[in-house]
Amino acid sequence: MSNPPELLNFRAIFSIANATRFIQVAESLGVFALLLIVVISASIIAPGFFTYTNLTNTLIIASITAVTGLGMTFAIAMGGFDLSVGSVQVLTAIVVTSLLSVIDPPLAILGALLTGLALGLLNGALISKLRLPAFVVTFGMMSIVRGVALLVTQGQSVMVTKHIEFGLLNNGKILGLPVPFIIMMIVFVVLSALLKHTPFGRHACAIGGNRGAAIVSGVSIDRVTIAVFGLVGVTAAISGVMLSSQLMIVDATLGTGFELQAITVSVLGGTSLSGGHGNLVGTVFAALLLATIASALNILKVVSFYQYLALGILLIFALAIDTARRAFIAKSLLSRA
Amino acid sequence: MGADQTSDQEPILSLTGISKQFPGVRALDNIEFSLLAGEVHALMGENGAGKSTLINIISGLLQPTSGKIYVAGEEVVFASAIQAQKAGISTITQEFNLVPQLTVAENIFLGREPTARIGLLKWREIKRRASEVLNELGLNVPLGQRVSYLSVGDRQLVEIAKALSMEFRIITMDEPTAALNAAEVARLFEIIEKLKERGIAVLYVSHRLREIFRIADRVTVLRDGKRVDTRRRDELTEDDVVTMMLGRALRKEATIYQAIPLSEQAALSVKDITLPGFITDVSFDLRVGEVMGCAGLVGSGRYELTRALFGLQQISGGDVEIKGRPVVLNSTSDAIRHGIYMLPEERKVEGIFPDLTVRENLLISAKRLFRRLSELLINPREEEKQYQGIRNSLDIRASSSGQRMTKLSGGNQQKVMLGRALMSNSRILLLNEPTRGVDVGTRVEIHAVIRKLAQSGYSIVVSSSDIPELVSVSDRCLVLSAGRTKGLLNRAQITEDNITALAIGQEITGDNR
């Protein structure tokens with residue numbers, strides 16, 4: 001930095017980098033502001049919402065959704081999505097619960113994660129090698145995996161009987177924070193690093209942004225696709241383990257509609273369904289928002305069926321915002337070139 | 001030098017005092033512009049001069065910050081593209097507004113189909129009126145053909161037919177010849193002549209000087225958002241226009257090529273390769289430090305040849321050797337491993353990643369996935385250094401490495417693409433249309449870079465539809481015709497006439513040899 005022009009340039013770099021970051025943060029702030037409004041209004045109109053127990057519960061529920069939502073954000077950034085996460089979540093919950101009666105918790109958890117990974121890799125392999133759309137493959141897998149879950153349990157519930165300490169994954173606290181939240185934060189940090197600081201994340205965004213260009217640039221589309229879906233499978237499995245430790249008794253009917261939640265939190269958090277980039281911070285805030293709404297509705301004794309309405313409305317709302325934002329960007333880009 | 005000195009005729013379109021302010025940028029500053037019935041008015045300027053903004057204002061996509069627009073003497077305000085169309089202004093851009101799944105006739109009447117009283121389509125009338133319009137243009141396109149099967153040139157003509165059938169009085173054409181071959185360009189120009197005879201005003205935007213001098217009646221040059229001047233074409237020379245665009249005289253293209261002795265060593269040898277449907281028995285040696293041009297019309301197999309050498313298409317026969325060793329190129333990974341890199345023809349479609357930053361676009365091919373542990377994480381400082389290096393050597397004008405790719409002008413995007421090829425660690429570069437959609441100044445810069453790279457030991461194939469470009473950069477020039485080698489010209493034989501003759505399938509005459 002000996003000569004002044006160079007120095008000037010570095011300054012420009014910083015300000016622009018900051019500006020880009022600012023826009024990203026602002027996008028997450030939109031959800032964050034919404035979250036704040038909902039939390040404040042819930043605290044006022046729903047007595048019992050702003051209590052330690054309820055907030056902890058809400059945080060746990062949000063964390064379970066967020067973990068899969070973070071994986072989903074990766075898939076959406078790559079221009080795909082995974083409809084099988086609900087089924088994978090329930091199957092892996094059953095796997096970990098069943099294994100706990102025969103082996104130690106760490107191994108049982110590992111078994112569940114490997115199951116999720118294998119199913120995700122299978123999704124990715126079918127999509128890339130058979131050249132099928134992600135919609136078709138994961139829609140089919142959603143039904144197949146659900147069927148497997150029903151078959152292995154014969155429609156019965158499975159309960160954690162040995163290793164009751166498995167429940168600590170849900171009730172435990174580290175530094176006063178619920179363990180599920182800690183797990184979610186770890187997943188968040190790892191995925192953020194993957195997305196922003198590895199060629200893998202960059203290649204995933206490249207595929208989502210312009211598939212044709214990714215092919216011509218020598219990006220290995222197949223490998224990245226398989227790896228991303230494997231990643232989504234693992235996050236669904238982590239959510240499965242968390243669910244199992246929360247309920248301690250699971251059956252094959254759990255987790256329906258979970259894929260919708262995961263996609264909603266991604267999109268609501270500012271990740272465009274058209275692919276090209278992923279906003280992980282936004283996903284976390286959106287998961288918190290979703291859980292807060294559900295909790296408030298519960299306390300207000302609103303029939304739980306309304307939660308489906310709320311979820312659908314939020315998803316459409318999020319998509320409308322995304323479309324408006326893209327139209328705005330397109331309009332501002334007209335000014336250039 | 002006023003805009004209206006040519007005639008006392010009332011302009012069909014006139015703009016007065018048009019300015020457009022974007023946050024931080026004054027894209028247009030007090031522009032005066034007029035368009036007369038039956039004239040072809042060329043709008044010229046470097047990228048970023050404000051041409052697109054002006055076109056967008058005329059076509060209603062953008063609204064001016066200040067200034068007035070008059071159509072046939074009446075003041076108008078266009079709040080949307082539809083309102084501009086209603087006022088008789090049609091815009092033909094490179095992104096066509098045709099529905100590929102519908103037929104030619106259906107497209108021409110899309111949205112205003114003649115219907116019978118109960119709402120049924122009058123097919124017979126649609127066909128009759130569509131064929132009238134097409135005949136008038138002298139177009140030979142089957143009415144029932146789906147648009148997706150048509151060539152780019154034919155699609156463009158269908159757009160023009162659509163504009164004619166809607167009785168538009170003003171047609172703006174933005175880079176209409178960018179994707180056309182020589183025959184299609186000639187046909188387009190004939191049609192533009194016909195449009196003129198009908199009293200239609202054509203606003204023509206192109207980077208290609210030669211075209212402007214072939215068809216324009218008047219030329220308006222913009223620079224930095226201001227109108228430099230509007231003049232009759234016959235008062236201008238090509239040099240004048242370039243000087244007006246750049247604000248200075250241009251370095252002559254002819255000075256770019258400097259002969260260096262051709263190496264005997266082959267970097268890449270292609271022996272009788274065949275690509276079913278595209279290429280038959282093509283052979284050549286690309287020597288170390290050589291720029292080999294590759295010419296050919298659309299359908300000659302030019303692009304497919306480079307795609308095959310980059311592992312994107314499978315060859316069915318023949319051999320490819322690198323430095324004498326046979327190689328198998330089944331994927332882009334294979335090609336990059338062997339030091340071959342290709343830049344695609346269509347920057348927008350297969351080149352840039354709009355959501356990624358300039359730096360990410362530059363380095364997308366630099367990292368192989370899951371290969372080396374040391375490449376697992378991105379090192380931002382290292383990348384910034386690499387970016388700065390390329391930025392300085394190619395003179396890329398970006399505000400920072402974190403700027404979004406779409407914010408760059410076409411010329412700078414193309415430089416980033418060139419940088420991407422350099423960062424891939426390949427020594428054999430296959431460059432398709434390296435200056436398509438790039439302004440004249442950048443074009444010369446890119447040609448100079450290509451020559452410099454060859455001198456420093458890169459072996460380069462430049463595949464281009466732009467024949468003057470091939471003449472200015474090539475050491476030798478391969479000409480393909482219908483998938484076969486039609487000729488391999490050495491430097492002394494490389495002339496525009498020779499390349500054109502071979503490309504259209506003629507032999508070159510003795511005098512030219």
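A: In E20 of chain B, B:Arg484 is the bridge partner of B:Ser481. This is a predicted model, in which local features need pLDDT of at least 70 and side-chain atom pairs count only at pLDDT 80 or more, while totals for chains, interfaces and linings use all residues. Residues are numbered from 1 along each chain as its sequence is written, and chains are lettered from A and ligands numbered from 1 in the order in which they are written.

Strand E19 (residues 476–481) of chain B pairs with E20(B) in the antiparallel sense, over five bridges. Strands here are DSSP runs of E with at least two residues, helices are runs of H or I with at least four, and both are numbered from the N terminus; two strands pair if DSSP finds at least two bridges between them. Strands of a sheet pair through backbone hydrogen bonds, either parallel or antiparallel.

Both strands belong to an open sheet of six strands in chain B, ordered E16-E17-E18-E13-E19-E20, with mixed pairing. Its edge strands are E16 (340–343) and E20 (484–489) of chain B, each of which pairs on one side only. From one strand to the next, the twist averages 20°, where axes are lines fitted to C-alpha atoms, for helices over the stretch in contact, and angles run from 0 to 180 degrees between N-to-C directions.

Helix H17 (residues 496–503) of chain B lies across strand E13 (291–295), E19 and E20 of chain B, contact meaning that C-beta atoms, placed from the backbone, lie within 7 Å. The helix H17(B) runs at about 25° to E19(B).

How values were computed. Two residues are in contact if their C-beta atoms, placed from the backbone, lie within 7 Å.
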